[in-house]
Amino acid sequence: MKRAVTRVQKTIKAISILSISIVVISLISCNGGGDTADGYGNFEATETTVSAEANGKIQFLNIEEGNLLQNNEVVGVIDTIQLSLKRNQLKATKNTIFSKSRNVLSQREILQEELKVAQNDKERIESLIKENAATQKQLDDIQGKVRILQQQIKSVETQNAPIINEVKGIEVQIEQIEDQIAKSIVKSPLDGTVLVKYAEPGEVAVFGKPLFKMANLDEMELRVYISETQLSNIKIGQPVTVKIDDVDSMKSYEGRVSWISASAEFTPKIIQTKEERVNLVYAVKIKVNNDGSLKIGMPAEMWIED
């Protein structure tokens, strides 16, 4: 009976030693065999918040979260009635001022015609004087008339100058109103996907109020952190492999290093253990073409190709 118990105890001890050996071998193979990733991080995208550039009620905002938008696509309109009325008023004022200018200009045209006739008479009298067929007094009279007409034309043009300046001021105001009307039309600033919708039709928008947020998700950026010893193994433009969790294994993507931080920083709290967080690391961005599976905030691994 004692021999049987001894055999059982030896067997249990052997199994325990074997189990511990397997665990140790596994840990050694994982940590020292090159089977771990060179960097860990999360996917990011450049997010753009589209805000109202005019004040008024939102007439319509034809977007929903997840919609794909094209650059310059019209997605909404803010009420422009008051701006249109103001523009019509300025145009009417401009026409009234123009009528004053037309009266002044018509006077100038009459004086210019009289000046043309007087100059012709002056030339005729100068020719007659050469033939002794006209007197000096006649020449002096016509020259005096020419000078008077020239002064009158200058006087009329001086009267028209402030009218023209007033018209230009009205035109600038009209351009400002038209610019405000154009900014009342909400457009997509880029090709991308609507991430968040902040406003609804019927709400009153004020300048700077966020309407929606969007981002181009066709190309994502993976931000990972590497140690100082890894810097020599990576450079901008270098191809790397990016892996994400799949159903049964890891799904791989081709990536390209687009940016490497010039200064070190403490490891973010979301990365690694408390002890490792005190280490200084360098941030690296990797551009990856999105096949639709990559999402903002999704964790991923970076593997540097040998």
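How do the residues of the lining of the second largest pocket divide into nonpolar, polar and charged? They divide into seven nonpolar, one polar and three charged, where Ala, Val, Leu, Ile, Met, Phe, Trp, Tyr, Cys and Pro count as nonpolar, Asp, Glu, Lys and Arg as charged, and the others, Gly among them, as polar. This is a predicted model, in which local features need pLDDT of at least 70 and side-chain atom pairs count only at pLDDT 80 or more, while totals for chains, interfaces and linings use all residues. Residues are numbered from 1 along each chain as its sequence is written, and side-chain values use heavy atoms, with hydrogens and water left out.

**Helix 2**
- Helix 2 (residues 81-130) has 50 residues and reaches 73 Å from its first C-alpha to its last, close to the 74 Å expected at 1.5 Å a residue, the expected span being 1.5 Å times one less than the number of residues.
- Among the buried residues of helix 2 are Leu83, Lys94, Ser101 and Ile125 (buried means under 20% relative accessible area with a 1.4 Å probe, protein chains only).

**Sheet**
- An open sheet is formed by four strands in the order 2-9-7-4, with antiparallel pairing (two strands pair if DSSP finds at least two bridges between them; strands are DSSP runs of E, at least two residues, and helices runs of H or I, at least four, numbered from the N terminus).
- Strand 2 and strand 4 (68-69) stand at the edges with a single partner strand each, so one side of each is left without a neighbour in the sheet.
- Leu68 stands opposite Thr193 in strand 7.

Conventions
Buried < 20%, exposed > 50% of the residue type's maximum accessible area, 1.4 Å probe, protein only.
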